[in-house]
Amino acid sequence: MELEKKKFLTDADLPFCKGCGHNHIAANTEKALQLLGYDPMNVVLVTDIGCHGIIDKSFLTHTVHGLHGRSVALATGVSAALNNPEKKVIVFIGDGGATIGMQHLIDAAHNGFNMTVVIHNNMLYGMTGGQPSEFTPAGFKTPTLPDGGKKTGYDICKLIAAVEGASYVCRLEGISDFSEQLAEAFSKKGFSLVEVMEICPSYGVKSNPGMKLSKVIENAGLIINKFVDREVDNYKTEVKTEFRSLFSESDAIQTKFPSKLEKPVRLMLCGSAGEGVQAAAEFILKAGITSGLNGTKKGSYPVTVGVGFSAAEIILSSEEILYTGSPNPDVICVTSSDGLEYARKTLANMKGGKLFIDSSLKAPDTKAEVIYFPFRERGGAKNSSIYSIFYFLTKTQLFPMDSLLSVFNENKIAKKFDQDKMFQALNEPFVDGLTDNKKVIV
Ligand SMILES: Cc1ncc(C[n+]2csc(CCOP(=O)(O)OP(=O)(O)O)c2C)c(N)n1
Ligand code: SF4
C-alpha cells in the first residue's frame, strides 16, 4: 500500500525486518488516520517494549514509550487525563506485551477507556529471539519451542468481548490494505481493539518453513471476524478545561537571599533510610534556589524504601543545569554505615573536595579532605542528615545560612527540632583523639 504523502510517519525507512507484519500495521495506521482526517498533534501513540514499540520514532504524532506490557496502563492514564474526544489515543502492543499486561487490557476494556489497542500478534516474542507467548497457537514452532506448543493460545478477541465494555473488537489478517477496518476502530467511542495476525519472518517463518498465515489462524481455531461493534457511552471523567502546570508561577521559589557562588557545587548526602536524607537534600536544594541559584536533586534508595541506604545528589549553580546526579561530587556528607557503603566507589574516585563523615565511621582511602564530626551522637540518628547540611553550610558558607533557615522553618519538621541545641552542637569543637585513622578536628 503506497501513500502519496505521509502525514503521520516520517520519510525514514521503517525500522523492522523485511517482510515483518509490523510494517503493514504502521502503513495502514497512517492511511486510517488520514482517512479520518486527524491532525498528527491530536494523536497520542502509546507503545511499549518489543519490536513493534520501536516504531514510535517514526511517528510524527505524540508518542509515549513504556515498560513491556504496560502501554495499555499508560494509555489509560493519558486517556483519562485528556478526556477529550478530539484526541485519539492509540496503543501498539505485541502479543508478548499483551500477555504480560493482560490485566490492564481487561480493565481498560471493562471500564471503556477511550483508546484503540492494536495488538501486533506475530505469535511470539520477536525482539528477544522468538520465545512463545500466551498467544502462541498449539503446534506453532518457535526457536525455543522447536516441537511446537501443546497449549492453545488465548483468543484475546473472545476474552475482551466477554468482559463487556468494549465498543469494537475485531481480528484481521495483517496483509494488504486493512486501513478501513483500522479507521472503523479508531472512530469508535470508548474502548476498541484490533488484533492483527501477522508473521515474524525472522523467527516465525524460519521455525515453520512454508507456513501460510491463514493456515496457522485456521489451525489455531481462530476466526477472522468482528466480535463487537456497538455504540457505548460508558466511560466519563470530569471534563477538565484548566490544567495547573507543575511549573506554575505560584509554585516558583522566590529569590530572597544573595549568593556569590562562582562555579557549580555538587553535594552528595549518604545516609540510611528513615534518617532524613531526602528531606535534608530538599532543604539544601531549596535554600540554594532561595539564594538565586539553579538546582537539581537526584534521590537514590533501594526499592525497599524503609531499609538500607538513602542518598541524594544535589547540584547548585548560577548557570542553568540540564541534568541530575553527578558521579564526581565536590562534597560528600556521610552519616551512616549504609551511606558509607553506598559512597565508597565515589569516594575512591574523588580527586579532591571534602568528605564530612560521621565520627563513628572509618573513612576509606580517598583524595578528598576528610573531616570527622559526630553527627549521629550530637543530633541523634534521625536528625543526622539534617545536622550534616547545616554543618556543610556552616563550613562552606556557599550561600547565606538564613536561606536554609527560612526553608527549614517553613517545614513541620522544624517544630519538633531544637535549633539552639543544634547550633551549639555544630559549633562546639570536636576532638577525636581516640583512633589512629582519624584526623583531629578542633
Ligand atoms: C517485564 C519485562 N519482561 C521481559 C522483558 C524482555 N523483553 C524485551 S522485548 C520482549 C519480547 C517482546 O515481544 P512482543 O511484546 O510480542 O513484541 P515483538 O517484539 O514481537 O514486537 C521481551 C520478553 C522486558 N523488557 N520486560
Ligand atoms: S524480529 Fe520479527 S518481529 Fe522483530 S522486526 Fe524482525 S520480523 Fe519483525
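Two residues are in contact if their C-beta atoms, placed from the backbone, lie within 7 Å. Keep that cut-off handy for the exercises below, and remember that this is a predicted model.

**Exercise 1. Which elements cover the buried residues of α9, and does the helix sit mostly buried or exposed?**

Step 1. Start with length. Helix α9 covers residues 277–290, and at 1.5 Å a residue its 14 residues should span 20 Å. The end C-alpha atoms are 20 Å apart, which agrees.

Step 2. Now go through the burial. A residue is buried if 20 or more other C-beta atoms lie within 10 Å of its own. In α9, the residues that pass include V277, Q278, F283, K286 and T290.

Step 3. Twelve of the 14 residues of α9 are buried, so the helix is largely enclosed by the rest of the structure.

Step 4. Look for the cover. It includes the strands β8 (265–272), β9 (294–300) and β10 (309–317), along with the helices α12 (384–396) and α13 (401–409).

Step 5. Check what comes after the helix: α9 is followed by G292, which has a positive phi near 85 degrees.

**Exercise 2. Find what the buried residues of α2 pack against.**

Step 1. Helix α2 runs over residues 71–82, and its twelve residues should span 16 Å at 1.5 Å a residue. Its end C-alpha atoms are 16 Å apart, in agreement with that.

Step 2. The buried residues here are S71, V72, L74, A75, T76 and S79.

Step 3. Their packing partners are the strands β1 (43–47), β2 (62–65), β3 (88–94) and β4 (115–121), plus the helices α3 and α4 (102–111).

Step 4. Past the helix comes N83, with a positive phi near 40 degrees.

**Exercise 3. Which residues of the largest nonpolar core touch the most other members?**

Step 1. That core has 59 residues, and V91, M115, V117, V118, V169 and L193 touch the most other members.

Step 2. Zoom in on V117. Leaving out residues up to four places away in sequence, V117 touches V72, V91, I93, L105 and L193.

Step 3. There's a second, separate core too, with 48 residues, including L269, F283, V331 and L404.

**Exercise 4. Describe the shells around ligand 1 and ligand 2.**

Step 1. Ligand 1 has 17 residues around it, and G50, H68, G94, G96 and G126 come nearest.

Step 2. Helix α3 (residues 95–100) gives the largest share of that shell, four residues.

Step 3. Sort the ligand 1 shell by type: five nonpolar, eleven polar and one charged.

Step 4. Over at ligand 2, the surrounding residues include F16, C17, C20, H22, C51, G126 and C200. Helix α7 (residues 201–207) supplies the largest share, three residues.

Step 5. The ligand 2 shell splits into eight nonpolar, four polar and no charged residues.

**Exercise 5. Where do S176 and Q397 sit, and are they buried or exposed?**

Step 1. Most residues other than glycine have a negative phi. S176, though not a glycine, has a positive phi of about 50 degrees, and Q397 has a positive phi near 50 degrees.

Step 2. S176 lies in the loop between β5 (166–173) and α6 (179–186), whereas Q397 is in the loop between α12 and α13.

Step 3. Count neighbours. S176 has 9 other C-beta atoms within 10 Å, so it is exposed. Q397 has 10 C-beta neighbours inside 10 Å and therefore counts as exposed.

Note on methods: Residues are numbered from 1 along each chain as its sequence is written. Chains are lettered from A and ligands numbered from 1 in the order in which they are written. This is a predicted model: local features need pLDDT of at least 70, side-chain atom pairs count only at pLDDT 80 or more; totals for chains, interfaces and linings use all residues. A nonpolar core is a set of buried Ala, Val, Leu, Ile, Met, Phe, Trp, Tyr and Cys residues joined through C-beta atoms within 7 Å. A residue is near a molecule or strand if its C-beta atom, placed from the backbone, lies within 6 Å of it. Helices (H or I, at least four residues) and strands (E, at least two) are DSSP runs, numbered from the N terminus. Ala, Val, Leu, Ile, Met, Phe, Trp, Tyr, Cys and Pro count as nonpolar, Asp, Glu, Lys and Arg as charged, and the others, Gly among them, as polar. The expected span of a helix is 1.5 Å times one less than its number of residues.
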